[in-house]
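Subject: Handing over the model

Hi,

Here is the structure I promised to pass on.

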Amino acid sequence: MARILVTGGCGFIGSNFVRMLLAERPDWEVVNLDKLTYAGRLENLADVAGDPRYRLVKGDICDPGVVREAMAGCRMAVNFAAETHVDRSLLGAGHFIDTDMKGVLVLLEEARRVGIERFVQISTDEVYGSIAEGSFDEGCVLNPRNPYAASKAGGDRLAFAYWATYGVPVVITRASNNYGPYQYPEKLIPLFATNALRDESLPLYGDGRNVRDWLHVSDHCRAVLFVLENGSNGEVYNIAGGNERENIAITREVLRLLGKPEKLIRPVDDRVGHDRRYSLDASKLGRLGWAPRVVFEAGLADTVRWYAENEAWWRPIKDHDGEFRRYYEEQYGARLK
Ligand code: NAD
Ligand code: DAU
């Protein structure tokens with residue numbers, strides 16, 4: 001048995017990754033270290049919680065004692081744990097600096113101490129900043145433009161520094177916007193799908209013409225596993241869906257799929273410092289042999305159907321989670337008045 005540490009495994013991408021590992025690597029044990037913040041949900045992995053090859057450690061990646069316990073006996077580690085929502089980072093960035101930078105440091109120190117064989121740092125395309133034309137490749141200068149992106153760039157470069165300085169076998173991935181099941185309903189697609197299902201307004205920022213490149217979470221998880229097993233130490237790999245769309249197009253398609261009227265769209269005050277367009281050149285990973293499989297239109301239809309069929313997953317968050325309601329009021333209250 002090989003043991004792997006996955007941090008942030010109760011979140012959106014982490015839970016999809018843990019489920020995939022348990023299914024596709026029958027001789028691996030998975031330790032999931034998760035703080036269970038507002039975004040970490042036990043229900044995301046309820047179906048595999050009883051698997052004898054799976055163990056949850058509830059704790060903070062910033063806590064060296066907890067990290068030592070969780071990483072014990074692990075040959076590999078993948079760090080998904082992070083504060084991830086740009087809008088929340090604009091309301092206060094303290095937790096972002098803690099988890100996305102200091103937490104990475106604690107993990108890297110322990111990885112160095114135990115002599116880990118592979119450490120994958122999950123970074124993001126946001127570290128490059130916005131690009132009007134063309135696409136960023138891995139050699140481009142980093143230009144993060146919001147506190148979330150800046151904290152992720154810090155973690156990204158710290159991971160590289162542990163390779164360059166101490167030889168910790170680090171690989172870094174930078175993926176584009178993910179979509180799919182179990183995404184916390186604060187992000188564009190799950191927020192708009194669940195609002196539309198209840199005939200509530202869809203608060204579209206600015207002119208709605210910002211562009212994101214959408215990557216199905218299953219494709220992202222396959223890419224992370226591919227890089228874990230085939231990447232080279234010290235290298236960065238962009239992971240892109242190849243599906244650049246304006247937000248207004250995504251919004252209209254979500255409404256069309258649900259049979260809801262476009263009058264639900266509410267143009268609202270823009271996100272401050274809103275990056276106009278993200279775009280990645282992912283040919284490096286392509287040359288290594290990975291390609292996305294999910295066709296965007298089909299993936300979006302499946303995703304919207306998943307939220308329609310899984311109200312029992314999102315309704316308690318939106319209706320009964322005081323934290324979500326407080327955040328929604330702070331973020332959208334004045335915008336929607
Ligand atoms: P998420 O917000 O859904 O989940 C984050 C998880 O990390 C939660 O389970 C949370 O409890 C856990 N966590 C937070 N702080 C922690 C701490 N201090 N210690 C331990 N656990 C902690 O996030 P996601 O969307 O699944 O993103 C996962 C990773 O992928 C992040 O590193 C993010 O930056 C990166 N990423 C996300 C996207 C995207 O579109 N969602 C795209 C590119 C990269
Ligand atoms: O690009 C990768 C990044 O994608 C990840 O690193 C982040 O963790 C992830 O949250 C995501 O960041 P974005 O800011 O791109 O995602 P979000 O879903 O918040 O917003 C997508 C676009 O939709 C963005 O242009 C802002 C817009 N938007 C979003 C929300 C929540 C709206 O117009 N209205 C909204 O209410």
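Below is what turned up, starting with some ground rules.

This is a predicted model, so to speak of local features we ask for pLDDT of at least 70, and side-chain atom pairs count only at pLDDT 80 or more, while totals for chains, interfaces and linings use all residues. Residues are numbered from 1 along each chain as its sequence is written, chains are lettered from A and ligands numbered from 1 in the order in which they are written, and side-chain values use heavy atoms, with hydrogens and water left out.

**The two domains**

The protein chain is split into domain 1 (2-178 + 215-239) and domain 2 (182-212 + 243-272 + 296-330); such bounds come from an automatic or database domain assignment. Their C-alpha centres are 25 Å apart. Where they meet, 19 residues of domain 1 are in contact with 18 residues of domain 2 (contact means heavy atoms within 4.5 Å). Together they bury about 1,800 Å², with 51% of that on carbon and sulfur atoms; buried area is the accessible area (1.4 Å probe) that two parts lose on being put together, summed over both.

Four salt bridges run between the domains (a side-chain nitrogen of Lys or Arg within 4 Å of a carboxyl oxygen of Asp or Glu). Arg 271 and Asp 87 form a salt bridge through their side chains, at 2.7 Å from N to O.

**The ligand**

What surrounds ligand 1? There are 28 residues around it, the closest being Ile 13, Asp 34, Thr 84, Tyr 148 and Lys 152 (a heavy atom within 4 Å is the cut-off). A polar side-chain atom of Asp 60 sits 2.8 Å from a nitrogen atom of ligand 1. For Thr 99, a polar side-chain atom is 3.0 Å from a ligand nitrogen, and for Ile 61 a polar backbone atom is 3.0 Å from a nitrogen of ligand 1.

**Salt bridges overall**

The count comes to 36 salt bridges. One of them joins the side chains of Arg 19 and Asp 47, at 2.9 Å from N to O.

Cheers

Definitions and conventions: Polar contact = N/O pair within 3.5 Å; in protein donor to acceptor, adjacent residues only side chain to side chain.
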